[in-house]
Amino acid sequence: MSGFLHRLGYLCARFRFVVVSAWFVLAVGFIVCLSVFGAVTNNDLSLPGTGSQAATDLLAQEFPPQQNGASPIVFHVSSGTLTSATDEKAIQQSVAAIVKVPHVYSAPDPTANPQSGLISKDGSTAFTSVLLDIGAGSLTPELAQQIVDAAAPAKAAGIDVEAGGSIGATLSPAHTESSEVIGIIAAILILTFTFGSLVAMGMPIIMAILALTVSLGIVGMLGHVITIASTGPTLATMIGLGVGIDYALFLVSRHRDNLRAGIAVRESIATAVATSGSAIVFAGTTVVIALLALAVAGIPLVTSLGYATAIAVAVAVLAAITLLPAMLGVVGARINSARLPRWLHPDAKPEGQGLWANLARLVTQHKWMSVLLASLILVPLIIPIFTLRLGQEDIGVTPESTTERRAFDQLSNGFGPGYNGPLLIGVSLAPKAAASVQYTAEYDQATTLKDSLTAQQTDLTNQANALKAQQASLESQQQALTAQGNTLKAQEAALQSQQATLEEQAAQLQQQEKALERQAASLEAQRVKLLAERDALKAEARKLAQTLADLERRQVSLIAQIAALDKQIAAQPPPADLPALILERAAKKTELEQVQSSISLTKAQLRKVGQQALSLGKRAVALKKQADALNKQAAALQQQADELNAQAAALKKQAAALQQQADELNAQAATLQQQATALQQQADALTQQQLVAQAEQLQAEQLQAQITVELTKAGGNAVGTDPRLVQLQNALKTPVGVLLVSPPNVSKSGTATTFTVIPTTRPADEATADLVVRMRDTAIPPAIEPGVVAYVGGNTAANVDLANKITHQLPLVILTVIALSFVLLMMAFRSLLIPLQAAITNLLSAAAAFGVLTACFQWGWGLPITGPASPYGTVPIASYVPLMMFAALFGLSMDYEVFLVSQVQHFHAQGDPVRTAVRRGLAASARVIVAAAVIMICVFGSFIINADPTIKQFGVGLSVAVLLAGIMVILLAPALLVIFGERTFRVPAWLGRILPHLDLEGEPATAARTDAQDPEPAATG
């Protein structure tokens, strides 16, 4: 491969203007294509084999175009309500205008039916769910803006109009231009100080920008053919820009080294492409394979992110071995022009001297200490990964300046957070749905009863009029007895009033007594709690005292150790390990200061705990006194209540005497009662008939009410009363976290229906994901019968399925990436231990990066620094971020492994022992690796300022991952290679016969190419 790359580099340098022009034309062509046709991205989730995808397919088949999802257009007023005639008219006009916009399938009027649930209880917020006949991937910003602009009547009336869903997301893009500019500026500064020349600095920057332009053009145009996620171009920008600059840095560094060695310009370029270019091609291939390996997860969204990013890396590699040699050929011997002052860029140290040589010597001489130091760095960072929980993008933490965030907040405040992510339950039915037998029977019975009651009512009215005339004469005779009875009733009522007053007073006293007893009991409980808290504080004080004693003993020990180190340092002659002793004394001194600080803090805590315990004891005594006083008051109230009860008993006796007089009057009335018997018999017969009529009337009303309830619950459609649907609808209401369940929406064919379930929590809340699981595992299965299949779908459920699928496929992706990288490294270096240490190093770096990501966002520790501002204190980690991070990190960190190990292999092939080869290889490559890593960190870190939470997570995760990978490559990897010793470059004989011979640092046979063939002179530095 090195021979081919040598010829390719030579030809590109020779026909430099043709190659540069071709790349420039290609970049301009893609810019023109994007300006004409636009870049298409699509966030539609396709998750084959999941419940959410099955629900989407059911919608597409039975309820088109509901599979596209609805987007809420929210109307809100900060003060007052939307129920005024003016506001209602403005909303009606806005909805009518929205429906007329192209591709709008439906948009219900929230004011048409007050019972529709589209207006909040306080009347300040309303929304209409806009259903489009196109998917989110086909929704352009122009169409989304046209839909929002159609609500101009509402805006003119002073109503705030915001858009959520896919419409809001389309109008709330995450701009990355500022991040890209910051990353490029940082790379310019680093390259300038690395090369010491503005011309040399410009080569990687120009190449990376042209390569990025071409790759983004390819990705943008590819979106017209296949699905590309909206974050795909951003990821391609992040990684493409980083690797492009890094690869150019490696090749330009080798080219400048060749020029310093006196090689002619064109031959220097060809040799750099043959040597560093081989490593670039191999490293880039590793990155591309790692990214393409995401396809094994079987998740189209993740796969699209993988190949979008892989395109950027592949184009960067191609540019590094074609465009960059041509650019180097254009500048020729002027590569070192426009140099920095010497004090800003000192000359390179001879081999074996300088910072990197000293570092390499230290790492190889203290291999186990290096491994221990690497472990101390990684282990604390890995710990948070054990709490990592994959979530979904949280609109609730996006910038408040975006319309989708404002719509999210308004829906949450007006209706509840669950309205931002309803669950869609798709149900297929066999046989098709039909009105229940019970509903049909109740409807027929209600109709029959209505006709019968109409006839009976006329007959009973006539009979009742005749009885009223006869009863009038008896009423006149009873009036005399009534007057006497009224007198007795008045006297009895007076006595009963007095008795009731006394009983009420007694009851009030008893209530006061119980209230005092409850207060006393409450005070006693508080006293017991205070005593328990005092005991707990005493225990804490004992614990703090023990901690203080331990710290003081440690202080004494450290002082003694420092004194011993001082003696060793002051010894004459100075010991050989004097730097290590000085470092150790500084570490001990730092630890002593920390211990002394801890002693002061512990003493302060001990004093504070003592004071709190004393205060709690005093409060307990005061509460005891208050309880005793309340108990005494309760006893006095009880005595007063007993006296009142005695007075009430006396009044009761007087009432009994009056009752006796009333009995005598009743005897006189008996005569009149006998006369009324005949009339009563007639009245009884009529009453019996009336009772029958009333019973039938009540039955009819109950049937009517039952029919009304069933129809309401069924959404006004009798088919919705199918027992299978009613049973499932009731089951959907049972899980904790369900706010409401909509009536069934039955398809025209009757073979499918949908329910909408509104959770009580926001879509990104872990409780919402748990609700999806409970729906599928415990709520739905017992409620379905044979022939009924129910799926939980919607965007929220789809994101839950995405997280679950990624969780299950992540081990397979990791294994695939490791296996492919292992095979490539084994082929490149003909070693089993080199791929093993690379796998270990990269796995540990990835785990530590995941841990930092978890602590920063899921725990919320880093949000004050990185953002975004979260009202919940945390930000869910988007489910595909760790997966993409791992693939990208594994590939990128392999770059540094390849450049380090290729140098080590080169020196080992020259006859150096492994320790010496590792030391010389690390010293030769560390400067470039560190510069490349710093550039990558700056490029990735610049995206942290992006307002999109997911882009922030990629920025934090990848920048930390590259930082750790760079540290491990210059710290852990060399130490492991030294530990492996000569076994590093050995393979079993049978495997050695199979493996191809690749030489990433091979020098092609180009000695015949002399300056006579190369008219351009060598650079003089």
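Trainee: R830, buried or exposed?
Mentor: R830 is buried, because its relative accessible area is 17% and the cut-off for buried is under 20%. Keep in mind that this is a predicted model.

Trainee: Where is R830 placed?
Mentor: R830 lies in the loop between helix 22 (795-829) and helix 23 (833-858).

Trainee: And what about the phi of R830?
Mentor: R830 has a positive phi of about 50°, although it is not a glycine.

Trainee: Which other non-glycine has a positive phi?
Mentor: H103 does, with phi at about 75°. H103 is in the loop between helix 4 (85-99) and strand 2.

Trainee: How accessible is H103?
Mentor: Its relative accessibility is 38%. H103 therefore counts as partly exposed, since that class lies between the 20% and 50% cut-offs.

Trainee: You mentioned strand 2. What is the strand order in its sheet?
Mentor: The order is 2-3-1-4, in an open sheet of four strands with antiparallel pairing. Strand 2 (104-106) is an edge strand, and so is strand 4 (160-163); each of them pairs on one side only.

Trainee: By how much are neighbouring strands turned against each other?
Mentor: By 35° on average, with direction ignored.

Trainee: How many bridges join strand 2 and strand 3?
Mentor: Two bridges, in the antiparallel sense, with strand 3 covering residues 125-132.

Trainee: Changing topic: where are cis peptide bonds?
Mentor: P65 is found in the loop between helix 3 (51-62) and strand 1. Another cis bond joins G867 and P868, where omega is about -5°. P868 belongs to the loop between helix 24 (863-866) and strand 11 (877-878).

Trainee: On to helix pairs. At what angle do helix 10 and helix 25 pack?
Mentor: Helix 10 (residues 232-260) and helix 25 (residues 880-909) pack at about 5°, and their axes are 12 Å apart. The two helices are therefore roughly parallel to each other.

Trainee: Which residues of helix 10 and helix 25 meet?
Mentor: Helix 10 brings L235, I239, V243, D246, Y247, F250 and R254. From helix 25 come M884, A888, L892, D895, Y896, F899 and Q903. By class, this contact has ten nonpolar, one polar and three charged residues.

Trainee: And helix 14 with helix 27, at what angle do they cross?
Mentor: At roughly 50°, with the axes coming within 8 Å; helix 14 is residues 355-365 and helix 27 is residues 949-980. That angle makes helix 14 oblique to helix 27.

Trainee: Is the crossing of helix 14 and helix 27 left-handed or right-handed?
Mentor: Helix 14 passes helix 27 in a right-handed crossing.

Trainee: Which residues make the contact?
Mentor: On helix 14, the residues are L359, V363 and T364. Helix 27 contributes I970, L971, P974, A975 and V978.

Trainee: How do the residues of the contact of helix 14 with helix 27 divide by class?
Mentor: Seven are nonpolar, one is polar and none is charged.

Terms used. Residues are numbered from 1 along each chain as its sequence is written. This is a predicted model: local features need pLDDT of at least 70, side-chain atom pairs count only at pLDDT 80 or more; totals for chains, interfaces and linings use all residues. Side-chain values use heavy atoms; hydrogens and water are left out. Two strands pair if DSSP finds at least two bridges between them. Axes are lines fitted to C-alpha atoms, for helices over the stretch in contact, and angles run from 0 to 180 degrees between N-to-C directions. Angles under 35 degrees count as roughly parallel, over 145 as roughly antiparallel, 65 to 115 as roughly perpendicular and the rest as oblique. A crossing is left-handed if the near helix is turned anticlockwise from the far one by less than a right angle, and right-handed if clockwise. Contact means heavy atoms within 4.5 Å. Ala, Val, Leu, Ile, Met, Phe, Trp, Tyr, Cys and Pro count as nonpolar, Asp, Glu, Lys and Arg as charged, and the others, Gly among them, as polar. Buried means under 20% relative accessible area, exposed over 50%, partly exposed in between (1.4 Å probe, protein chains only).
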